[in-house]
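Let's take a walk through this model together, starting at a pocket and ending at a pair of helices.

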Amino acid sequence: MAKKSIQRDKEKLGRQRVIGTATPLALLLSWWLPCPRASMEGFCFARCRFTRLVVAMQLVMGVLVICISMASLHRFYTTDALLPGGLDDPARCARFHGAVAGGYSGFDIRALADRVDEVLVQLAELQDKLEATALKIGKKTKKRKGKGKLQQQENMTMTEFQRFLEDEVIHPLYGAHIALRLIRIPRPDPDGGAPAVDPLVNFFAAEETRKYVTAKRNREGRPGAYGANWTYGSIGHACVVMRRELDEYMSYDVGALCPDDWDLGQRLMLGGCDPLPRRRCLARASKLFRRPLPINESLWALPDDGNVRWSRYHCRGYRCLSARNPRRGYDRCVGCFDMDREKQRWMQGSNGTTLADFRMEEVLAVKPGEIRVGLDVTVGTGSFAARMRERGVTVVTTAVNLGAPFAETVALRGLVALYAGLGQRLPLFDNSMDMVHTGGVLDGWVDLQMLDFVLFDWDRVLRPGGLLWVDKFACARKDLDDYMYMFLQFRYKKHRWVVSFKSRDEVYLSALLEKPLRS
């Protein structure tokens, strides 16, 4: 017995010497990997235990935080190393401070600080989670010992251990790593100018959004097609206010199918985040998509239900969108999906017309042969453009899906749908439209200043001699004078001007106006 005891003491002393002289990497591996007793008898390290692993991860996290802090300080104190000749030369020093004043003045330091704080918070949360796990395991061990039961500590299976590492350690570390790599600071311009600042690059959290708003320099310094050396991806200013929704919209797998979230994109557009950033994913289509009808049949026929993705609408088919259905899911342009009714609009002898309803033939007769291209700003399914197409006029229709598939229906009828709201500047050049038609979209709810911006934009795209057709603009009687002034301020020539009653307190305003020549 004495010999066996002496032998065990020698083996224990040998293991302590090996552990004491081993490197930290070897010590960590000794905790991680089980040792075969036959090959390393007398020098076998202790088996891996979950508590030791958690403690090791805490040490790694602490070292990582220290390294980040030291790297930041080192980068700050070695700024002169980035400049040729350092800051000893007064001329270079003055040039450096001049560049800072000119190029760094617009840099968002607060957004950069917020981004660094987010990374530090992620690391702190991960460390707290590991400490809580280690404390929980320690309490369980003490509880077992208090009961006096000699139970061997339960080991985690490889599957459980892999899941723990992926969910609780690897993913948080990867998120912090990506956030650090995406931090941008103004970089020196290779052409010798002021440092280039990427607007909002440190404001958004989604990686794709940050890549999109980052300026892209032309390859090999070649001049671009538009005469600029840099290309910026543009987004609406209200994207800053809707940052959380935009980060959700831009969170997707690059190259894979896009999420079915067109309604989120439209909510961003109507909220002022317009234009939206481009996405690098594949647009979805209906699984039941069929070949559309030929052009001679599609103009006045409802498309096939299988060609529309109905998942975000209240209805699941065109029959449900009938004006007779009180639960159709939309309240604007009621009856737009009734093709028999739509086919009678703007026609001679149609039923239920008033003085405010102008006939299409009468309007085109004002400028015979001169109306070739036009813009229809409305809420509808493209019936005005369909009527114009029958007369050889190409009309682009603005469409937004306000509770029903208006944009899809316009396109499936063989017409051009411009997916844009009132808040966006029209993507058309000056003096390029022969006609601008509007009906059912403003209707007295729009703010006067907003309407002023919209009307000036319409005036911009309408050519001299072009026609502005105001089709049954509805408003309250008390507001009629204000809205009349908004249209009359441009001093257009009046071909027709009609005010008729819609109800006791509301009126219709219809007008056909010609833009004068200005030079």
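Strand 7 gives the largest share of the lining of the second largest pocket, three residues. Strands here are DSSP runs (E, at least two residues) and helices likewise (H or I, at least four), numbered from the N terminus. Before going further, note that this is a predicted model, where local features need pLDDT of at least 70, side-chain atom pairs count only at pLDDT 80 or more, and totals for chains, interfaces and linings use all residues. Residues are numbered from 1 along each chain as its sequence is written, and side-chain values use heavy atoms, leaving out hydrogens and water.

Back to the pocket, whose volume is about 860 Å³. Among its 34 lining residues, R341, E342, R345, D357 and K472 are the closest to its centre. Two or more lining residues come from each of helix 11 (339-342), strand 3 (373-378), helix 13 (383-390), strand 6 (433-439) and strand 7 (462-476). By class, the lining has nine nonpolar, 13 polar and 12 charged residues. Asp, Glu, Lys and Arg count as charged, Ala, Val, Leu, Ile, Met, Phe, Trp, Tyr, Cys and Pro as nonpolar, and the others, Gly among them, as polar. A pocket is an open set of points on a 1 Å grid over the protein atoms alone, where a 1.4 Å probe fits, with protein on both sides within 12 Å along at least five of seven lines; lining residues have an atom within 4 Å of a point. The volume is the space filled by probe spheres set on the points, which are joined across faces, edges and corners.

Now turn to helix 15 (residues 448-461) and helix 16 (residues 480-488), which pack at an angle of about 20 degrees with their axes 10 Å apart. Axes are lines fitted to C-alpha atoms over the stretch in contact, and angles run from 0 to 180 degrees between N-to-C directions. Helix 15 and helix 16 are therefore roughly parallel, the word for angles under 35 degrees. The contact (heavy atoms within 4.5 Å) joins L448, L451, D452 and L455 of helix 15 with D482, Y483, M486 and F487 of helix 16. By class, this contact has six nonpolar, no polar and two charged residues.

Terms used
Parallel < 35°, antiparallel > 145°, perpendicular 65-115°, else oblique.
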